[in-house]
Amino acid sequence: MFFQHIYDKSLAQASYLIGCQAKGEAIVIDAKRDIDTYLQIAKENNLTITHITETHIHADFLSGSRELAEVTGAKMYLSDEGGEDWQYQFPHTGLTNGDIIKVGNLTLKVIHTPGHTPESISFLLTDHPATDEPVMIFTGDFVFVGDIGRPDLLEKAAGITGTQEKGAKEMFHSVQDFSRLREFIQVWPGHGAGSACGKALGAVPSSTVGYEKIRNWAFQYEEDEEGFVEYLLEGQPEPPKYFAMMKKLNKVERPLLKEVPKHPKLSKEEFLKAYQNGVKIIDTRNKVDFAQGFIPNSINIQGNNSFSTWMGWIVNYSEPFILVAQEEQMEDLNRKLMRIGMDQMMGYIDDVKNLDLELQTADIIDIEEFKSYLNRDNIQVVDVRNKTEYDAGRIENAENVFVGTLEDNLDKISHEKPIVIHCQSGDRAAIAYSLLKKNGFENVKNFSGGMKEWTEKANPVKN
């Protein structure tokens, strides 16, 4: 058996290429959209991708299954579980509980594991030349290392009311069924630490059934469905705005993008024309460089591992945009954008200083100046972390307006008082600062050290 774990750090998303080397056939599970990765792995190992499958209709990334099927001619095997409202609306071979996918001498048994979503399935793999016992299970967003998938995304992200309680109860029963599997079976989940698909995912890429039964909180509620549901729904982070779009695009027919796109470097004239017409400018530079000189109305979303997530929070899919980035960054940024279906980029520029525009600078303050603004009626201190972080520990009298929904809550920000913002370590505050400036807030100061520096300096936090 050939096995390859493919991990996208930017979305903490795992996919898998598993092959039968004797027959030269391979299956890909939960493909990302930049499919050249799988084509290269298959070629290097003398495998032909003959099967493609998914564990569920994904919310956090745009699946590449259809692109991969178009390029390879492989068949797509997708869940037909969950009822009429949860069906893929494009041609595929349907899967239901107990079905078997044969890939050379390997078999993958379909197990319906609802909870995260109604149609979710897992795949129990057996390598028959070695043993007739199953050796691996691919759980998607069902069981993670140390956690399980959240059942509230359909309600919070896609707006389908009444689904989170039902999903949590389904998850309870799916977990009970999972616990009856043999303890030596390896568990390969769809996500790792950093994903918004759970609240406490482990950083280790895989586990075993036995380990999860001992270590995972979800397996400690054997007879307590009510306690399980309450704990599962409590304290889940707010899902990024783009999740609703992913749910839609992964379910319906859509244009396919079979190669990593290349976007043009814009001339000064091309850029200024677009800028003057109100096209959104996303500056991907480090927050320190951005603070020292930025294009008015541009938004600082750094080109790091969180780039695609914050783009999905801040940029609407109907909005064209231009990046400020270096040429050598562009392939990486293009991949991160295509993985969430954000295909409307007009191009990029690599220098903000040759545009004949008067650049602005950010008002960054240190911890001593920050202290001088605390507990003053004429100053508004805004914590732009998410609610779960804020509730766990915050600076006294700081108000919470999460950066991801900041532009929806500008009425909570004072135009009369000076505003002092902070987050955990500065990245989100840099986004928030640029958004506030773009929306006409003039007197904004950024304590970029954030809660990290505050707690390191042994200052009290309010719980």
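## The six-stranded sheet

In this predicted model, six strands form an open sheet in the order β1-β2-β3-β4-β5-β6, with mixed pairing. Strands (E, at least two residues) and helices (H or I, at least four residues) are DSSP runs, numbered from the N terminus, and two strands count as paired if DSSP finds at least two bridges between them. The edges are taken by β1 (2–8) and β6 (93–95); each has a single partner strand, so one side of each is left without a neighbour in the sheet. From one strand to the next, the twist averages 25°. Angles run from 0 to 180 degrees between N-to-C directions, with axes fitted as lines to C-alpha atoms, for helices over the stretch in contact.

Strands of a sheet pair through backbone hydrogen bonds, either parallel or antiparallel. Here β3 and β4 pair in the parallel sense over five bridges, and Ile27 stands opposite His51 in β4.

## Helices on the sheet

Helix α1 packs on the sheet and touches β1, β2 (13–20), β3 and β4; the direction of α1 makes about 155° with that of β1. Helix α2 also packs on the sheet, touching β3, β4 and β5, and its direction makes about 150° with that of β4. Contact means heavy atoms within 4.5 Å.

In α2 (residues 65–72), Ser65, Arg66, Glu67, Leu68 and Ala69 are buried. Buried denotes a relative accessible area under 20%, exposed one over 50%, and partly exposed a value in between (1.4 Å probe, protein chains only). The elements that cover the buried residues of α2 include β3, α1, β4 (48–53), β5 (75–79) and α7 (243–249). Just after α2, Gly73 takes a positive phi of about 80°.

## Salt bridges

Side chains of opposite charge can pair when their charged atoms come close. A salt bridge is a side-chain nitrogen of Lys or Arg within 4 Å of a carboxyl oxygen of Asp or Glu, and by this rule the count comes to 28.

One of them joins the side chains of Arg33 and Asp343 (3.0 Å, N to O). This pair links distant parts of the chain, 310 residues apart: Arg33 lies in the loop between β3 (25–29) and α1 (36–44), and Asp343 in the loop between α11 (330–338) and β16 (345–349). Arg33 is buried, at 2% relative accessible area, whereas Asp343 is partly exposed, at 39%. Another salt bridge brings together Arg335 and Asp34 (2.9 Å, N to O). Arg335 in helix α11 and Asp34 in the loop between β3 and α1 are 301 residues apart. Arg335 is buried with a relative accessible area of 15%, and Asp34 is buried with 1%.

Lys387 and Asp391 also meet in a salt bridge (2.6 Å, N to O). Both lie in helix α13 (residues 387–392), four residues apart, about one turn of the helix. Lys387 counts as exposed at 55% relative accessibility, while Asp391 is partly exposed at 39%. Elsewhere, salt bridges that share partners join Asp8, Lys32, Asp34, Asp36, Glu331, Arg335 and Arg339 into one network.

## Annotated domain and basis of the values

UniProt, in an unreviewed entry, lists residues 275–301 and 375–463 for "domain: Rhodanese". UniProt positions follow the numbering used here, feature names are shortened, and annotations may be inferred rather than shown by experiment. Over residues 275–301, the chain is 30% helix and 22% strand, and the end C-alpha atoms are 17 Å apart.

Residues are numbered from 1 along each chain as its sequence is written, and side-chain values use heavy atoms, with hydrogens and water left out. Local features need pLDDT of at least 70 and side-chain atom pairs count only at pLDDT 80 or more, whereas totals for chains, interfaces and linings use all residues.
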